[in-house]
Amino acid sequence: MNQLEAVVVGVSAGGLKALVTILAYLPADYHLPVIIVQHLLEGSDSFLVDYLNEQVSICVKEAADKETICPGYVYVAPPGYHLLIEDERLLSLSIDPKVNYSRPSIDVLFDSAAFVFQEKCLGIVLTGANRDGSEGLRHIKMNGGQAIIQDPATAEYNIMPLAAMSVVKADHILTLDEIGKYLLELQPSNR
């Protein structure tokens, strides 16, 4: 397996608990960037980032336009903006129209990650009540990356995991704790 360069995560309804569970496994010096789209209402405050920072060791921040992607950070799409990855490993924000009724859209993030990181990308679809993320995860797989889907039986809202499973042959179908442990196992032991 090629060395991964980024983890991208899509989550919607039920996401707060899911993100805390997964990110709690990651140390402050985690060797990969984690880039997240959580569906939020436009105009939401910074509660998600603040809350996650209180619960986990790794640094969580709201993504900024033209920010360089660095390991050891969790970047969260700001409410009302699509989050994309550019060729130069930069984050980019867009106010383009909603995709799958959402801005930020998981598919938008995943499509750009698939294009930039190719086989060095890991995409994860978690709990949610719509189909956003399914096509983007399919594109990650088509470009040689890995796909993980939360076990629908364990998702607070199983529509998003089931939708992803209908279009993607995932590498793994896992519980939240199993996803956290999998991400931790990617951490090199002899750095």
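Colleague: Which residues in H1 meet residues in H6?

Modeller: In this predicted model, Ala18, Thr21 and Ile22 in H1 meet Leu176, Asp177, Ile179, Gly180 and Leu183 in H6. These residues divide into five nonpolar, two polar and one charged, and the axes of H1 (residues 15–23) and H6 (residues 176–185) come within 8 Å and cross at roughly 35°. The crossing of H1 and H6 is right-handed.

Colleague: Why are H3 and H4 called roughly parallel to each other?

Modeller: Helix H3 (residues 106–117) and helix H4 (residues 134–142) pack at an angle of about 10°, with their axes 7 Å apart. Angles under 35 degrees count as roughly parallel, and H3 and H4 are therefore roughly parallel to each other.

Colleague: What makes the contact of H3 with H4?

Modeller: On the H3 side, the contact is made by Asp107, Phe110, Asp111 and Ala114, and on the H4 side by Ser134, Glu135, Gly136, Leu137, His139 and Ile140. The residues of this contact divide into four nonpolar, three polar and three charged.

Colleague: How many cavities of 30 Å³ or more does the structure hold, and what lines the largest cavity?

Modeller: The structure holds one cavity of 30 Å³ or more, and about 40 Å³ of space lies in the largest cavity. Its lining includes Leu40, Asp45, Glu62 and Val76, and helix H2 (residues 47–55) gives the most to that lining, with three residues.

Colleague: How do the residues of that lining divide into nonpolar, polar and charged?

Modeller: The lining of the largest cavity divides into eight nonpolar residues, one polar and two charged.

Methods. Residues numbered from 1 in each chain as written. Predicted model: local features only at pLDDT ≥ 70, side-chain atom pairs only at ≥ 80, totals over all residues. Heavy atoms only, no water. Axes fitted to C-alpha atoms, helices over the stretch in contact; angles between N-to-C directions. Helix = DSSP H or I, 4+ residues; strand = E, 2+ residues; numbered from the N terminus. Left-handed = near helix turned anticlockwise from the far one by under 90°. Contact = heavy atoms within 4.5 Å. Nonpolar A, V, L, I, M, F, W, Y, C, P; charged D, E, K, R; others polar. Parallel < 35°, antiparallel > 145°, perpendicular 65-115°, else oblique. 1 Å grid on protein atoms, 1.4 Å probe; cavity = no way out; pocket = protein on both sides within 12 Å on 5 of 7 lines; lining within 4 Å. Points joined across faces, edges and corners; volume = space filled by probe spheres on them.
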